[in-house]
Amino acid sequence: MPFADFHGNAEIVHRLREMMARERLPHAIVLAGGRGSGKYTLALMLAQALNCLSPTETDGLPDFCGNCSNCTRIGQAADLDARFDEAVEARENLRETDKRETRLFVQTHPDVLVVPPDPPQMMIKVDQVRRVIETIYYRPAEGREKVYIFTDSAFMKEAANSLLKVLEEPPEFATIFLLTENPGELLPTIRSRSMVFTLAALPAEDIEKYLAEHRPDWKPPQRALVARLSEGAVGRARSFDLEAYSAARGHAVAILKSALVGGEHGELFKITESYRPGAEGKEKIEQLIRTLYSLLRDLMFIQSGEPEMIRNTDIAAELKRLAESADFDWIAAAADRLAEVDRGLRRNLLRSLSLDAFAAALEK
Ligand SMILES: [Zn+2]
């Protein structure tokens, strides 16, 4: 029962399947929702249901088998990050001239084309939409429905205008999915030709339940933490890197502690020293900054008498102790400073230096 594997937003899934049953599924569907809310998973499931070779029914509505050759091949696109990396690597291996003319696609089934934003700008480009236009008017080869999934709404202007032309006259056998975190990024004329469905965030308890099933290796307080940090997105919870988060949080707590209650300067130096320039260092420091923000946010909640709102529930006692030494002004100033480090990072200022300055500026 594959649709049963989709977590949350049952009403939206139900409505889409109902439309499918009545053969009234719109030709253009906007799936909106935060990162990890299941937009891509749902679009692929619908692509499978539209093309399944032994379609089934559950709760009286169309479902898919998950095992036939169409379901299997479409399902191979499920790990979007991995397929995307493969496509990028394949392009990297081309000759210079071909590289420039090659646009990125993920295609594991002849009738289902996934269109990711094209690096390095990470925008949907006009040549990608051109490929859609070139193929969409041919009947599906091995399935019943041509499916196109745009995984992001960052369209270059010319690309958006080209897409609009397709949406004005889509063939009866094609469905286009537009996935977006913010439907406002799409041209109003594109939105008005589509039906918009917004996937809501799930309550933390639902995500904890999901994690109890899928991450039995995590302890209950860890599952509670991840459920809160993933902000209602099952996809984020599932792929959450608890180890990296814990490491970054250890550093973040040490930085705040040293600023608020004093401490070992040598220890702090060792931490900031470990943040080095380079691609890996960049990711690491971005994680540290996000983690610092989440701790400051928690301190703010404790300060304002709402400790039940904190996300880092597993270290609540330690945060409460820290909050005793902080006040609103300090937290606000720290957040400002952090924003400065963040901006400096974008301009590629030396990382460990700006971190040191940040830690020093926080001292009371
Ligand atoms: Zn199937």
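1. Angles under 35 degrees count as roughly parallel, over 145 as roughly antiparallel, 65 to 115 as roughly perpendicular and the rest as oblique. Helix 10 (residues 220-229) and helix 12 (residues 242-261) pack at an angle of about 85°, with their axes 12 Å apart, and are therefore roughly perpendicular to each other. On the helix 10 side the contact (heavy atoms within 4.5 Å) is made by Gln 222, Leu 225, Val 226 and Leu 229, and on the helix 12 side by Leu 242, Tyr 245 and Arg 249.

2. This is a predicted model, in which local features need pLDDT of at least 70 and side-chain atom pairs count only at pLDDT 80 or more, while totals for chains, interfaces and linings use all residues. Residues are numbered from 1 along each chain as its sequence is written, and side-chain values use heavy atoms, with hydrogens and water left out.

3. The protein chain contains 17 helices and eight strands, and its C-alpha trace spans about 70 × 50 × 35 Å along the principal axes. Of its 364 residues, 48% count as buried, that is, under 20% relative accessible area with a 1.4 Å probe, protein chains only.

4. Among contacts in the protein chain between residues at least 6 apart in sequence, 70% join residues at least 24 apart.

5. Where does Asn 9 lie? Asn 9 is placed in the segment before helix 1 (10-21), and is buried, with a relative accessible area of 16%. Leaving aside residues up to four places away in sequence, Asn 9 touches Thr 198, Leu 199, Ala 200 and Leu 202.

Definitions and conventions:
Helix = DSSP H or I, 4+ residues; strand = E, 2+ residues; numbered from the N terminus. Buried < 20%, exposed > 50% of the residue type's maximum accessible area, 1.4 Å probe, protein only. Axes fitted to C-alpha atoms, helices over the stretch in contact; angles between N-to-C directions.
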